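Let's take a short tour of this structure. Have a look at it first, and then we'll go through a few of its parts.

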Amino acid sequence: MITAIIVEDEKLARDLLRDYLKDHADIKIIGEFEDGFSGLKAINELKPDLIFLDVQMPKLTGFEMLEVLDHIPAIIFTTAFDQYALKAFEHNAVDYLLKPYSRLRFLEAIKKARERITSGDVNITDKLLEHIDKQQEIIHRVVVRSGSKIHVIPVNEIRYIQAEDDYVMIFTKDSKFLKQKTMKYFESHLAPEDFIRIHRSYIVRLSEITQLQLYEKDSYIVILKDGTKLPVSKGGLPELKKMLDF
Amino acid sequence: MANPIFERKRSIYIYLLVWFLISGIHFLAEIIFYDLPYIVAAADSLVYNGLFALIAVIIWYPVRYNNPEGRIKFYGLVTYLVLGIIVLLFWLFMGFFILKILFSGNEEYFRFLNDSFFVRVLLGALFFIAAVLLYHLLVYYRALQEKKLSETKLNLLVRESELNALRSQMNPHFLFNSLNSISSLTVSNPEKAREMIIQLSDFLRYALKYGQHDETTFADELKNIELYLNIEKTRFEDKLVFEKKIQDICLQAKVPNMILQPLVENAIKHGVYESTTPVVITLSCQGIGEYFEIRLKNNFDPENKSRTGARLGLKNVENRLQLIYNRNDLLKINKQENYFEVIILIPQKKQ
């Protein structure tokens, strides 16, 4: 018996999936969800073997869900039209269905998913996410998980970002969140007119900076609105001066 | 702008060659008509022409400063008159000064220098006028080239925005998701599937019917947008609620075709797609003075943090309005805590 969850915001699309699944008695649908948030919660709780995941959904997209999933099952993506996603799917041998899809095409996807589940080889997410990151441009929100809670942080609430080994710590006005992404990712995905990398370990929102101060001979620090002091590296200094119009 | 003579090596050579030729003619004329010794004629020709060659380089700067557009105006002429006199005096004096040192004691040559004073003034004036005219021609020619270039760029921009507008009319997401809904309905509700195919066909026909600059009536636009909303409603059911408040006078108003669709699509994209609760889209239109004011309002869940920032569809509408009415103040956006509103003004043409 294979347990499956459908995460898809359109009822008719869910109906279709269910209809096609009638041919597969051994696949049992244990839940249907209309948005990324509730889908995510259910997947982490119910730990299904297989999910049908729509890419474009309210609250969280299918890809954003992947970033914060505990339990990674076999996934069949469904999408209507998304050039970025398609490229990522093709490069990473991910099962996907292009809407509208035929019963035959559905059968193929199910066949592949079955193989993955029996062989236990379902983990494609790291490479897939990496690929999607590369194609994406400027981001407007970041999804993080703290404990069992999921937070969606709008980029305009981010004050600064600090490197923490394999993670980064994202500082907002009244909180901080750990996120498994590289500094390089944020450096290339935050709007360059709003954020600047001032140090190997720090990316700062320009409008948060109140002062640039000489700290010791040759070394500078910036002081943020709330008084936080962050070091500026030699390499970051010229660009920072340029952006601050010094 | 730098002096065009120094722009390329070739232009420096040409400049020098021209002055060399003038010097040559000058030299020959002095030998043939005035019987001057070779050495004296050569020195006289080289000093005077060489001096003017230097001065002519400098003349570029007042020309450039005086007439950036390359056209002569009255105060410009006065400037040139004064400049010409200064240049002439300087030129004659410097030439005289250098030659006097070179040939001190050569009485015969000095007599020639004195006798030829009037001819030299004429020659200097000729040189000056020629230099100014040539520089002007150059500036004018360049301005013309630049204008041509910027016109080409503008055309490209127009073409691009037209393409973008077309693309936004045919949002592939809408198209393929609708087809998927139809595919689903063929099993559960074939009658409804047929109805949706017809609606989709009518909508596509309307979208393909008109060109970028064609006008239609607001009534037609309204009919089309209701088709579009019906299709979306089949997909999203109760999540999408449509309301309208249209003054009768609006129905016959001439509006650009497919102007409403990108607005509604934007509302659906940022409202309905991103929401799990019902979103109300309200379309209103009223006549205000010489305009029809069209408002499209949608509520959104402030808890939802938008994933996308750019509103390409609205930008396209703004560009189209700019192209059609030549004004950039016809589209306004009013974003509040929990609703988003786009307001466009359509100028009424006087019949």
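## A pair of strands in chain A

Which residue in strand 4 of chain A is the bridge partner of A:Ile51? It's A:Ile75. Keep in mind that this is a predicted model.

Strand 3 (residues 50–54) of chain A and strand 4 (residues 74–79) of chain A run parallel, and five bridges join them.

## The sheet around them

Zooming out, chain A has an open sheet of five strands, paired in parallel and ordered 2-1-3-4-5. At its edges you'll find strand 2 (27–33) and strand 5 (95–98) of chain A. Each has a single partner strand, so one side of each is left without a neighbour in the sheet. Going from one strand to the next, the twist averages 20°.

There's a helix here too: helix 1 (residues 11–21) of chain A packs on the sheet and touches strand 1 (2–7), strand 2 and strand 3 of chain A. The direction of helix 1 makes about 175° with that of strand 2 of chain A.

## Two helices in chain B

Now over to chain B. Helix 6 (residues 172–188) of chain B packs against helix 8 (residues 218–236) of chain B at an angle of about 60°, and their axes are 10 Å apart. Helix 6 and helix 8 of chain B are therefore oblique to each other, and the crossing is left-handed.

Who meets whom? From helix 6 of chain B come B:Asn177, B:Ser178 and B:Ser181, and from helix 8 of chain B come B:Ile231, B:Thr234 and B:Arg235. Sorted by class, this contact has four polar residues, one nonpolar and one charged.

Note on methods. Residues numbered from 1 in each chain as written. Chains lettered and ligands numbered in written order. Predicted model: local features only at pLDDT ≥ 70, side-chain atom pairs only at ≥ 80, totals over all residues. Axes fitted to C-alpha atoms, helices over the stretch in contact; angles between N-to-C directions. Helix = DSSP H or I, 4+ residues; strand = E, 2+ residues; numbered from the N terminus. Parallel < 35°, antiparallel > 145°, perpendicular 65-115°, else oblique. Left-handed = near helix turned anticlockwise from the far one by under 90°. Contact = placed C-beta atoms within 7 Å. Nonpolar A, V, L, I, M, F, W, Y, C, P; charged D, E, K, R; others polar. Pairing = 2+ DSSP bridges.
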